[in-house]
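Dear colleague,

Please find below the structure that I am handing over to you. My findings follow it, and I would be grateful if you read them with the structure open.

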Amino acid sequence: MKADLLIALSDVEGLYDSPPGTDDAKLIDIFYPGDQQSITYGTKSRVGIGGMEAKVKAALWALQGGTSVVIANGTYPKVTGHVITDIVEGKKVGTFFSEVKPAGPTVEQQTEMARHAGRALASLLPEQRGEIICCLAELLTEKKEEILNANKRDMELATASGRFSQSLINRLSLSTSKLNSLAIGLRQLAVSSRESVGRVLRRTRVANNLELEQITVPIGVLLVIFESRPDCLPQVSALAIASGNALLLKGGKEASNTNRILHQLTQEALSIHGVSDAIQLVSTREEVEDLCRLDKMIDLIIPRGSSQLVRDIQRAAKGIPVLGHSEGVCHVYVDQDASIDKAIDVVRDSKCDYPAACNAMETLLIHRDLLRTPMFDQIIDMLRTEHVKIHAGPRFASYLTFSPSEVKSLRTEYGDLECCIEVVDSMQDAVDHIHKYGSSHTDVIITENEETAEQFLQQVDSACVFWNSSSRFADGYRFGLGAEVGISTARIHARGPVGLEGLLTTKWVLRGEGHTVADFSEQGSMKYLHENIPVPQGSFS
């Protein structure tokens, strides 16, 4: 048979290790001739004249002749109308037959390994999880030369490729001081996290000798997809360890050498209590879209990277919750009662401290009474001194004879030394503007009027709302959370900088003595009490 590719369409998603629909049946992404013994075939197909066994035999025959083979679902053309083009484009569809078996485990196997070891991690004593984190902190300083050499290789390759911006290369860089800071943060987390997993939040006496507890538990398996920043790996790993979660890490290929050694050190630390598989680094050429399909294996996805990466993941992850924010369109509103010194300091820090950060100011809102005043002139002079390019909002442009370039959109996240300036009539007008054009990330008011400030703090519906303080404070470390996995603008579960608490959920534990619901019926002998039982601080189940 002279063909490059054979696509066999079936009425199931591909080849399973046991008949589809049976308990524990798993779809096989890549099948090797040597794996035939591990397959249990079912009955014939509902359509056609042969079963899956016949298709596999045909596929192996074609494979021997040098033809690549994919078995995929072709039953629902309205749903899977692009199945053939997806296969031709190399997307992960159905089962791919290959004569070469890679050395490492598949991402599905890695996820299973992580979940199994993660449950063991969650059952460790808090002190043991703290020991693992402290061990990782020690390794970061002990092995710093190896880490920095690997990072140097990544930096050289990224620079030589010419495909990466200078800001991305800067984020890729590690230094001795950065590793020392990471180690300090990890040691702090090891101490502060000891009262996290298994903490009793609520205790209720439902009836005599029937007591209910609500306790904190890990979420399960986390998938963290991050770009550029290799320092993200030990931070997120430490948070996963502290919260008893299993973790899959997918880093950018630009940091592959650094990520590899940092993951090795993380597994070395985990091994002191026999849970080294709890954190896995996905090093296969898995596309983000493919990872997002593992909805039965992954409990939460946390993207760390560009707004485009976050949007792509939010679109692809149809069955898995995504914790993050797609944009950081942060506002600073300078009220008519603002202090000139506070206004200049807060605006400068919010925009210029680190312009690429998601919590940097992107739009400056000015009360109209401040136009053509010394305060306004000094703010503009400061921005020009700091080399900030100014874009005029429609209303601001209308006040000027010669205005800066007018903005294309009031929802722009510049991520650089650029910002939009717009004029508003009042604090309420500023709030309305923020709700219309903001991203619910971080918004600031500068004013000496306490009543105005409190109204702003209450009305603005963002994850972080500040008064007379820089938007750059929206950060887990600055909030005292220790490390953070990112900032969330979601409204369910965790919001704002997400630290250890955001990686926990709860479960209910009921302890009785043979109680039945029938005992509480009209004819039963028991009555509900529903008494709250005080929970002492530091109480564990």
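This is a predicted model: local features need pLDDT of at least 70, side-chain atom pairs count only at pLDDT 80 or more; totals for chains, interfaces and linings use all residues.

**Helix α3**

Which residues of α3 are buried? They are Val107, Glu108, Gln110, Thr111, Ala114, Arg115, Ala117, Gly118 and Leu121. As background to that list, residues three or four places apart in an α-helix point the same way, because there are 3.6 residues a turn.

**Helix α12**

The 13 residues of helix α12 (residues 340-352) reach 18 Å from the first C-alpha to the last, close to the 18 Å expected at 1.5 Å a residue. Buried in α12 are Ala343, Ile344, Val346, Val347, Ser350, Lys351 and Cys352. The elements that cover these buried residues include the strands β11 (330-334), β12 (361-367), β14 (418-424) and β15 (442-446), together with the helix α13 (374-385).

**The protein as a whole**

The protein has 16 helices and 20 strands. Its C-alpha atoms fill a box of roughly 85 × 75 × 55 Å along the principal axes. Of its 541 residues, 47% are buried. Among contacts between residues at least 6 apart in sequence, 72% join residues at least 24 apart.

The protein exposes about 26,900 Å², and carbon and sulfur atoms supply 49% of that area. Finally, the protein carries 55 positive and 70 negative charges, whose mean positions are 5 Å apart.

Yours sincerely

Definitions and conventions. Residues are numbered from 1 along each chain as its sequence is written. Side-chain values use heavy atoms; hydrogens and water are left out. Buried means under 20% relative accessible area, exposed over 50%, partly exposed in between (1.4 Å probe, protein chains only). Helices (H or I, at least four residues) and strands (E, at least two) are DSSP runs, numbered from the N terminus. The expected span of a helix is 1.5 Å times one less than its number of residues. Contact means heavy atoms within 4.5 Å. Accessible areas come from the Shrake-Rupley method with a 1.4 Å probe; for residues, only the protein chains shown count as cover. Lys and Arg count as positive and Asp and Glu as negative; His and the chain ends are not counted. The place of a charge is taken as NZ of Lys, CZ of Arg, CG of Asp or CD of Glu.
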